[in-house]
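Biologist: Before I use any labels, I want to hear what stands behind them. Take me through the calls one by one.

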Amino acid sequence: MARRVSLEEAAAVAARLKAEGKRLVLANGCFDLLHVGHVRYLEEARRLGDALLVAVNSDASVRRLKGPGRPIVAEAERVEILSALRSVDYVLVFADDTVDGLISRLRPAVHAKGTDYTEQSVPERQSVLSHGGRVAIAGDPKRHSTRELIETIVRTFGKAG
C-alpha cells in the first residue's frame, strides 16, 4: 500500500531516489470517482520510472477547477483509494491548481499526464523542462471521464432530492 507523504517527506524521497540514480515519476489529478481510465493512466505512469508519486488536488482546488458539487469523494477518501493501487508508491495532497510548485521542489525525472493532453499542452511543461525532466503522456485514449460517469448516473437514476 502506498504511503501518504507531506511535501517535506516527498522532497526527501525525491532526493533519495535521485542520489540512488533512480527516476521519480510525478502524476497528478483530482481522481474524483476513480475509474478505469485513472487506473490505466497510473499503471502506465509507474512504468516510466522507479517510483510513482501521485499528487491529488485538495477538495478546495477540485471545487475551483471542476465547479460546484465537486468533489463527489472527499480528499481523505480519494487518498485512501489511490493508496490502495499497486502502481502508486506515494500520495501527496496539494492545494494549487497546477503542480508547477511541486515540480520545482521535487524535480521529478518524469511528469506524466493523461491522454487528454499532448506533450506540448501540459500546463507544467516549462517547469519540467527547466530542470531537465521530461513530460510523458500515459494511459489509454480518453474514453473515460468522471464527468461522463456522473452524467450516466444522473441520466439512469435521476437527480437526488
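Predicted model: local features only at pLDDT ≥ 70, side-chain atom pairs only at ≥ 80, totals over all residues.

Modeller: Residues are numbered from 1 along each chain as its sequence is written, and side-chain values use heavy atoms, with hydrogens and water left out.

Biologist: What makes the sheet open, and in what order do the strands come?

Modeller: The six strands are ordered E1-E4-E3-E2-E5-E6, with parallel pairing. Strand E1 (3-4) and strand E6 (134-137) are the edges, each pairing on one side only. Strands are DSSP runs of E, at least two residues long; helices are runs of H or I, at least four long; both are numbered from the N terminus.

Biologist: How do you know that E2 and E3 pair?

Modeller: Pairing requires at least two bridges found by DSSP between two strands. Strand E2 (residues 24-29) and strand E3 (residues 51-57) are joined by six, so they count as paired, and they run parallel.

Biologist: What makes E5 a partner of both E2 and E6?

Modeller: Three bridges link E2 and E5 in the parallel sense, with Ala 27 partnered by Ala 112 in E5. Four bridges join E5 to E6, also parallel. There, Val 110 stands opposite Arg 134 in E6.

Biologist: Why is strand E5 called covered on both faces?

Modeller: Buried means under 20% relative accessible area, exposed means over 50%, and partly exposed is in between (1.4 Å probe, protein chains only). In E5 (residues 110-113), Val 110 and Ala 112 on one side are buried, and so are His 111 and Lys 113 on the other.

Biologist: How is helix H4 placed against the sheet?

Modeller: H4 (residues 75-83) lies across E1, E3 and strand E4 (90-94), at about 160° to E4. Axes are lines fitted to C-alpha atoms, for helices over the stretch in contact, and angles run from 0 to 180 degrees between N-to-C directions.

Biologist: Why is Ser 87 called buried?

Modeller: Its relative accessibility is 8%, under the 20% limit, so Ser 87 counts as buried. Ser 87 is found in the loop between H4 and E4. Leaving aside neighbours within four places in sequence, Ser 87 is in contact (heavy atoms within 4.5 Å) with Leu 42, Glu 43, Arg 46 and Leu 52.

Biologist: What makes Phe 31 and Arg 107 stand out in their backbone?

Modeller: Phe 31 has a positive phi of about 55° although it is not a glycine. Arg 107 has one of about 50°, and it is not a glycine either. Phe 31 sits in the loop between E2 and helix H2 (36-46). At 4% relative accessibility, Phe 31 is buried. Arg 107 lies in the loop between helix H5 (100-106) and E5. With 43%, Arg 107 falls between the two limits and is therefore partly exposed.

Biologist: Why is Phe 157 called exposed?

Modeller: Its relative accessible area is 67%, over the 50% limit, so Phe 157 is exposed. Phe 157 lies in helix H7 (residues 146-157).
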